[in-house]
Amino acid sequence: MPDLPELAASFTVALRDAGIAAGPDRTRCFARAVTLLAPSTTRELRHCALTTLVSDREQIELFGAVFREVFGGPADRGARRGQPGDPPRSLPGTVPGADRKATADGDGREGDAQPREVALPLAASPLDHLATRDFAALSAEELARLAELMRTVALRTPTRPSRRRRPAPHGEQVDLRRTLAVSRRTGGYPLRLRRFVPRTRPRDLVVLCDISGSMEPYARAMLQLLYCASRAARAEVFTFATRLTRLTPVFRRAGPYDALERAGRAAPDWSGGTRIADCLAEFNERFGRRGMAHGAVVVIVSDGWDTGAPAALATHMARLARVAYRIVWVNPRTASPRYRPLVGGMAAALPYCDAVVSAHSFAALDDFTAALSAPGRRR
Amino acid sequence: MPDLDALVPDVPALRSRLDAVGYLADDALATALLLAVRMRQPILLEGEPGVGKTEAARALAAVLDTPLIRLQCYEGLSSAEALYEWNYPRQLLAIRLAESRGESLQDTDLFAEDYLLPRPLLAAISHPGPRPAVLLIDEVDRADDEFEAFLLELLADAAVTIPELGTRRATVPPVAVLTSNRTRDLHDALKRRCLYHWIDYPDTARVAAIIRKRVPESAGWLAARVAHGVAALRARQELTKPPGIAEAIDWAGALQALGLSVLDADAADRTLGAVLKYAEDLQTVRRAGLAELVDAETGTDA
């Protein structure tokens, strides 16, 4: 029977192997909990460990598996743990689609590997050429150059009043704190009233990007833009095809060049079919209704090809529209003069959109940025 | 604190004490709360809306027989609202008064305890004891990053600094309970300092038990019917907001308030607003018929 420190340490090591970050402070915490409660059954021990070593709901299932492995049967525990050639657990999410994406991106990667001599994208003729090219027709190398360009695009959302405030000569409310502080200079007489107005801050930006097969060439370029945007502003980025994937944490950790590759790995449904309504429902349920979309500018990048029923899409769009400040729909296909929103999904969603833009090329991004910063309707 | 250890010696004792103040906790939650009290470490409670995160803190305060100090977080929450503010109008008056008497006032006279308006965090820190106050920092995911960083210092040291008065260290550090609805990810640094517990939605039998606890006048079978009805509603995939425990309690309370002693389709129709809070949900359920909610025998085929 190993003693407590060894037990706690070996269990946290097993957790770390499985991908649950548990530092030494957590180990100590776990050991303290065990000393305090002196659990007599495995169940009690499990509760102690659960409270002290886990810090997220997503970790609970994995934790359970590791716990069963370590404490499940005393007979096989030592045997399994001691094996030196124990292969590290492969991360979930290595799907065929991701591999394909990585190879398709190969040219771009090599271009990135060399020193960054791309320098400042001045308005030179090759770039003019690049600016009007349809995103769908770009090679991987051109895409990489476009990425440099996109870093110069500023995405601004309209402002909203915040609860913080700033001094202003003609504010509506008197700032007693400052008035009093200043009055000390005039012998305690508050000769001048100091005032303040509410500060403003940009509204949150939420982007839902369709990465199904029909959108793939555009989605790549749009994601690049969103990556640049998420660096500067408060932006939440999701991708969807058959399921919804939140990319914000991925973008936060990645550098400019591997962001897209990581995004591809995080979203296992690249180039799959589209279920817009279901993904929108999931977004509303898990994030939007709880506050992420409240008063935010929501951007949906999709061509509106939906395999589901249009009525369902309309329902979820209506729900989103009631919460969001503005909904901007980016549909590259609207660039064509012959385009009519007859596709079931697009037609159903149209009444709830405040703006529909194409954003199919770099030159067309102006419309997009203008649509983002336009003030909200009705409300 | 021997007093505290005697009050919550082990998990079963804490469970029965929580039970006595009307909160039914399972072993896992009781363990988590016990550890938060005994290890004096903040605990982060997460779970679907309406599973009793806030209620857990309230029950814990009742068990410890100490005040519950609640800070509701929101975007733009500033330290003046969370920590302390000076009572400026009173300070002004004091200055005027002193002048009319021909006295002179020092800074130290003005920035003294009398003119301090403690907000929740300072109130929790300066709680005199002997038992620690329960500090509930509700929906911490709504506050912004800066506030989270500010909390780190407070939670780690149980101390705050007021420039005019100096650092105040808690003599009895509060038991801190943080809740989050996961509208955004919390910072790792904050999570690392907290114990963690995910509160799951309980099974039907436990919901019935909770209803009996919270609405004591309702008969046992009615509580069971309500619990079953709520379970049937939760089983529907298409609802915008599946009812939580809070809604189940409200429903039983509504039936009770109307003096209804049976849960038939008519009674359900009249009280449905206590359970479902979205117009679409009400429509969906009414369209599908209320029979399945009230018939305890047939299963949920929705």
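Q: Which residue in S5(A) is the bridge partner of Asp210(A)?
A: Strands are DSSP runs of E with at least two residues, helices are runs of H or I with at least four residues, and both are numbered from the N terminus. Two strands pair if DSSP finds at least two bridges between them. In this predicted model, Asp210(A) has Phe240(A) in S5(A) as its bridge partner. Strands S4 (residues 205-210) and S5 (residues 235-240) of chain A pair in the parallel sense, over six bridges.

Q: In what order do the strands of the open sheet in chain A lie?
A: The order of the six strands is S6-S5-S4-S7-S8-S9 (chain A), with mixed pairing. S6 (244-246) and S9 (355-357) of chain A are the edge strands, each pairing on one side only.

Q: At what angle do H11 and H13 of chain B pack?
A: Two packed helices are described by the angle between their axes and the distance between the axes. Axes are lines fitted to C-alpha atoms, for helices over the stretch in contact, and angles run from 0 to 180 degrees between N-to-C directions. Helix H11 (residues 204-214) of chain B packs on helix H13 (residues 245-257) of chain B at about 55 degrees, with the axes 10 Å apart. H11(B) is therefore oblique to H13(B); angles under 35 degrees count as roughly parallel, over 145 as roughly antiparallel, 65 to 115 as roughly perpendicular and the rest as oblique.

Q: What conventions apply?
A: Residues are numbered from 1 along each chain as its sequence is written, and chains are lettered from A in the order in which they are written. Local features need pLDDT of at least 70, side-chain atom pairs count only at pLDDT 80 or more, totals for chains, interfaces and linings use all residues, and side-chain values use heavy atoms, leaving out hydrogens and water.
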